[in-house]
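Here are some notes for a first look. Please keep the sequence and the 3D view open while you read.

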Amino acid sequence: MKKVILGLSALCMVAFTSCKEDAASKIKSENIAVAAERDANAGDFPVVSFDKTEHDFGTIENGTPVETVFKYTNTGNSMLVVSNIKSTCGCTVPSNWTKEVAPGETGEFAVKFNGKGNGNKVTKSVTMTTNTEKGTEVVKISAFVEKDPNAPVKAAAPTQKPGAATINPLATDNGAVRKSSTQPGHEGHNHD
């Protein structure tokens with residue numbers, strides 16, 4: 001057993017000493033230059049500058065689609081890559097975006113909004129996934145959507161004339177209120 005351990009030790013020593021060649025002689029000088037340039041530019045992210053970060057469509061008719069275009073310029077020193085653009089809901093659809101924008105160049109994307117509402121102001125966010133330092137860029141659209149003229153009108157609550165008596169349908173002949181269960185399976189069971 002000692003001979004086996006001694007033999008394995010000698011073999012390991014030969015293996016480790018044979019790997020001690022001059023490692024510096026194996027490095028290519030052009031790889032050093034490329035690595036140095038890469039490390040110098042590691043913190044050099046692209047920068048997105050928008051022509052506008054919000055667009056207000058104003059007042060629009062209910063169910064009428066509208067569209068706008070957001071333009072963005074890469075004001076950084078490295079290639080801007082836009083990998084995805086998405087909205088907070090399905091009524092706002094971003095499309096046709098420029099996926100790569102060189103420094104100093106401009107890209108764009110369209111946003112279609114199918115405004116539906118009930119006479120209220122609607123605001124939606126559109127998020128770009130990019131290789132900027134933050135990783136995302138956000139723009140917003142808004143519109144006041146007119147009330148749908150074809151929407152069903154809620155029935156107004158009946159008004160009571162002054163001095164008229166209020167009738168409680170759960171009251172008994174003697175004026176006491178009857179208790180009625182609201183638990184599932186117990187509807188309509190009266191509990192006097």
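1. Start with the pairing of β5 and strand β7 (residues 106-114), which is antiparallel and runs over 4 bridges. Within this pairing, T92 stands opposite F113 of β7. Keep in mind that the model is predicted.

2. Now widen the view to the sheet. It is open and has 4 strands, in the order β1-β3-β7-β5, with antiparallel pairing. Which strands stand at the edges? They are β1 (48-50) and β5; each has a single partner strand, so one side of each lacks a neighbour in the sheet. On average, neighbouring strands of this sheet are turned by 30° against each other, direction ignored. As background, strands of a sheet pair through backbone hydrogen bonds, either parallel or antiparallel.

3. Next, look at V93. This residue lies in strand β5 (residues 92-95).

4. What does V93 touch? Setting aside neighbours within four places in sequence, V93 is in contact with A110, V111 and K112. The C-alpha atoms of V93 and N114 are 8.7 Å apart, and these two residues are separated by 21 residues along the chain.

5. Last, the cysteines. C89 is partly exposed, with a relative accessible area of 25%. C91 is partly exposed too, and its relative accessible area is 25%. A disulfide is a covalent bond between the sulfur atoms of two cysteines. How many disulfides are counted here? The count comes to 0, with the rule asking for cysteine sulfur atoms within 2.5 Å.

Key:
Residues numbered from 1 in each chain as written. Predicted model: local features only at pLDDT ≥ 70, side-chain atom pairs only at ≥ 80, totals over all residues. Heavy atoms only, no water. Helix = DSSP H or I, 4+ residues; strand = E, 2+ residues; numbered from the N terminus. Contact = heavy atoms within 4.5 Å. Buried < 20%, exposed > 50% of the residue type's maximum accessible area, 1.4 Å probe, protein only. Pairing = 2+ DSSP bridges. Axes fitted to C-alpha atoms, helices over the stretch in contact; angles between N-to-C directions.
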